[in-house]
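Hi,

Here is the structure I promised to send you. Have a look at it first, then read on for my notes.

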Amino acid sequence: MSPTFIYIIVGAVVTLVFIVMIFMITGKNKTNQQLVAALDKMKKSFNALDEQAKLIVKTDLELNHAQEELDKRLSGLDALQKTSRLISTTLDEGEIFDRLKQSLSAELDFEQYVILTYSTKDSFQAKVVEGFGDKEIQLIVAGITLDQALMNKLLAGEIFSSSKSSPQQAKEIAQIFNTQHFILSPIISQGGMVGLVFVGNASNTFTITEGDEELVAILANQIGQSIQNARLFEEVYLSSRMLETKVLERTQQLESALEEVQNISKTKTEFISAVSHELRTPLTSIKGYAAILMDGKLGEIPEQVKERLGKINTHSDSLVQLINNLLDISRIESGRVEMNMSECALIDMIENVHDLLTPQMKEKGVHWKTNIDPSIPPVRVDASQYERVFINLISNAIKFTPSDGTITVTAKREDNTIQMKITDTGIGIAEKDVVRLFDEFYRVENKINQNVKGTGLGLPLAKKIVEAHGGKMWVTSVVNEGTTFHFTLPLKNEQSTTKNEKPLTKENT
Amino acid sequence: MPIGIGIGFSQHIEAKEAAEEALKEAVTKSGLKTPRIALLLSTVQYSPDIVINTIKKYLPNTNVIGCSTAGIILEDSIKTRGIAILFLDSEDIKYGLSAIEDLTAQGLEQSGALLAQNSLKEFGAHGRQAFLFFMDGRMENNSLLIKGLQNVFGNIFPIVGAGTSDDFTFNKTFQFYQDKVLKNSAVGIILGGAVNISVASRHGWRPLGKPRMITESYSNVIKTINHQNAVTLYEEYLGKNSNDIRAQQLGKTALLYPLGLHEQASQEYLLRNPIEVLNDGSIVCQGDVPTGSVVHVMIGNKDSCQQAAYEAASEAKKNLLGKEAKLIIVIESMARLKLLGRGAFKEIEEIKSLFPKNTPIIGLYAHGEVCPFKTTDKFKKPLLQNESITVLAVS
């Protein structure tokens, strides 16, 4: 019934009263009997009207209650929306509760509320509290924990309220919280109950409604999800931090180990260098004296002695070669080598080496083939050192290539790098040996090496020379098909130095 | 000199922080660091002692007056939790503050008279405009307090007051006066000088059902209506017996259906909230209920409330005689907050529609309001009212 209608009725009644009063006052043409009848009629009308008014009030009261409940639900939804937005935008569990505290105080119309977290290890911890003191919270926690039946129901996800739970259950919870009107809901996460939400009103002014129960249930669910998200993030974050720490520790260990290895290597190089120098001097004397004896300057010597002296001379030469290689390697490693950089034509260098090694190739019946890119410009290298790379690699190829085999030298330009390779059709190298081929003193075990003496220093030295020029060296091989040594030379060799330039070191290669 | 005005508000959960935030906003908006007058409003979730101590720490020389409330009315919203502070400052505004403690012990009429006298002492010899005061809303009959005020100020001097309220529990109200938090007290400020204050009030409730007569009453207690126990009226209308009505707190339900006393010279009904039912079936009201008064059960709705707000604001604006309002203070019954619920702000929108955009608005929900009520053809006499909305415009 609309208020306008009510006003019309009220207006009509007042007018009626007024008219009757006029009739009563004027009293003209009316008998007392008529007046009494009119009054009686009026009284009946008033009473009928009053009955209608009572009906209106009752309806209005119900409407007001419905409106209040609707308002409460709308406010609750609004509060939930704001709270959910606040707590879902952080992954810090502490921050979730801080935000909840602020939001609930502003948005929820409850005199008291508590949010407790729960774990089997730590039991209950109060996170958000309004309307209770510290001691009261302790009593509440003790009360819940001791009530095993209540705990079991909470763990099973049951929600309690003063209006819906059984009178006995409601009374027990009301006693624990010392509050007449309440809702108590577990916060459920994937792993089970992770906390509790309690809201309540101590006074009778505000009782709990169905809307309140729904609100708290949704709120508890939202808190559960946020806590779960925060904990998952915390877990991932901690794992990540742990991993980072481990990587850092391992890196530090590796750095220490590397430093140690570098120190040992440096010591080794210095040792080899010192020993080599010490060895070379007496060797020179031995060679000199052997030559004097062989020349017969100290008198004729028997043929057998001459033959032995020749062996001394040959072995001394091998030893000198070994020592020179060691010294070169140690110089390069220690950065003490001085490169005499000059421009030279690569093709000329390869031809020189070819000329030098032609007798050996002819002797063994090995063919020579070159494939040199004519566009390769003059390169800037230490010619004497770089020539040793070709000599070492081609000598090796001759050694392991059978008669009628072919050695092919290829050089081509790719951007600012010259790619070179020396390919033979020799016996090849097994995979297990390929990985160690450039180790110092490492010699592949095969029949050829058993018959031919070698130091195991040629390839490491060649590799170090290539690297000292800013290039790289590697090997590919197929057993019984042949081997290819690949190496590169940058055209702009920034690492190289001239005599007057800074000596080349490992650090700046 | 122009009036310095600034309103600050905060909903921070901690009382100290909320007070500081509200202060900071008021300072920013007014440009004043130490205003002469501050009106402080707080909902009851905050410790009033922390609030006042924080405010006085920053404003030691400012005259602070205020109270608790069920809700704070702001320009853009209504909040049932928060702290608001209004800064008011001008060399041309004259004022006098006073407070009367322990009202019940001193007697309400005597207290009212003392409150008025002390305010006038502070005020000095200036032109008076209006008296604004906050009284403990839990008093059973504040009509006597108003009578005491009128004994000093005169019957038709504009007195605007609010019974301090809380969160509808009717037991947590307080008043602020300077650095004190008071209970069972009344605090007031008389304003005058070069300032114009215009006041108007309406309620929007309408009579329902047949008129009845108060056949026996004293002070604020109605013993019988139409020779029946007074509570019978509500039993008939609400459909419950008196014990049930008592159990559900008559004050809360009856807020929606107050009694309307018909005033011959006025189109308005003077409303009375029944707040308690006594064992003998008498009804205790918030104000005087003279024997012989014709009463109705009254009913209101959202439309009538909004219309009343509009009418009150229109009259307040009209009474400014063309001057622009610099500040609007709204005092309205907490019953309206309950009745209107989420639509409560629509009343404020009605008020805002009549004044320039961005006119500062601050207000509170009261448990019993005092404002001039038209009792004769010519004059308006301040009376205790219920369910009303009062608009006070300052220019």
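In which loop of chain B is Gln178(B) found? Gln178(B) sits in the loop between β10 (175-177) and β11 (180-182) of chain B. (Helices are DSSP runs of H or I with at least four residues, strands are runs of E with at least two, and both are numbered from the N terminus.)

Before more details, some housekeeping. This is a predicted model, where local features need pLDDT of at least 70 and side-chain atom pairs count only at pLDDT 80 or more, while totals for chains, interfaces and linings use all residues. Residues are numbered from 1 along each chain as its sequence is written, and chains are lettered from A and ligands numbered from 1 in the order in which they are written.

Most residues other than glycine have a negative phi. Gln178(B) is not a glycine, yet its phi is positive, about 50°. Because it has 15 C-beta neighbours inside 10 Å, Gln178(B) counts as partly exposed. The cut-offs are these: a residue is buried if 20 or more other C-beta atoms lie within 10 Å of its own, exposed if 12 or fewer, and partly exposed in between, with C-beta atoms placed from the backbone.

Leu321(B) is another non-glycine with a positive phi, about 55°. You'll find Leu321(B) in the loop between α9 and β22 (327-333) of chain B. With 9 C-beta neighbours inside 10 Å, Leu321(B) counts as exposed.

**The two chains**

Chain B has eleven helices and 26 strands, and 58% of its 395 residues are buried. Chain A has 13 helices and twelve strands, and buried residues make up 25% of its 509 residues.

How far apart in sequence are the partners? In chain B, 79% of the contacts between residues at least 6 apart join residues at least 24 apart. In chain A, residues 24 or more positions apart account for 65% of the contacts with a separation of 6 or more. (A contact means that two C-beta atoms, placed from the backbone, lie within 7 Å.)

Where the chains meet, 27 residues come from chain B and 28 residues from chain A. On the side of chain B that touches chain A, β14 (206-218), α6 (231-238), β21 (294-299) and α9 each supply at least two residues. β14(B) gives the most to that side, with five residues. By class, the side of chain B that touches chain A has ten nonpolar, ten polar and seven charged residues. Here Ala, Val, Leu, Ile, Met, Phe, Trp, Tyr, Cys and Pro count as nonpolar, Asp, Glu, Lys and Arg as charged, and the others, Gly among them, as polar.

**The cores**

A nonpolar core is a set of buried Ala, Val, Leu, Ile, Met, Phe, Trp, Tyr and Cys residues joined through C-beta atoms within 7 Å. The largest one has 140 residues, and Ile85(B), Ile328(B) and Val391(B) touch the most other members. Helix α9 (residues 302-319) of chain B gives this core its largest share, seven residues. Apart from it lies another core, of 39 residues, including Leu393(A) and Phe487(A).

**Helices side by side**

α9(B) also packs against helix α11 (residues 345-352) of chain B, at an angle of about 30° and with the axes 8 Å apart. (Axes are lines fitted to C-alpha atoms, for helices over the stretch in contact, and angles run from 0 to 180 degrees between N-to-C directions.) α9(B) and α11(B) are therefore roughly parallel to each other; angles under 35 degrees count as roughly parallel, over 145 as roughly antiparallel, 65 to 115 as roughly perpendicular and the rest as oblique. Cys305(B), Gln306(B), Ala309(B), Tyr310(B) and Ala313(B) of α9(B) meet Lys346(B), Glu347(B), Glu350(B) and Ile351(B) of α11(B). Those residues divide into five nonpolar, one polar and three charged.

In chain A, the axes of helix α2 (residues 32-88) and helix α7 (residues 210-295) come within 9 Å and cross at roughly 5°. So α2(A) and α7(A) are roughly parallel to each other too. Their contact has six nonpolar, seven polar and four charged residues.

**One covered helix**

Finally, look at helix α5 (residues 143-153) of chain B, which is mostly covered, with eight of its eleven residues buried. Among them are Leu144(B), Ile146(B) and Phe153(B). Gly154(B) follows α5(B) and has a positive phi, near 100°.

Cheers
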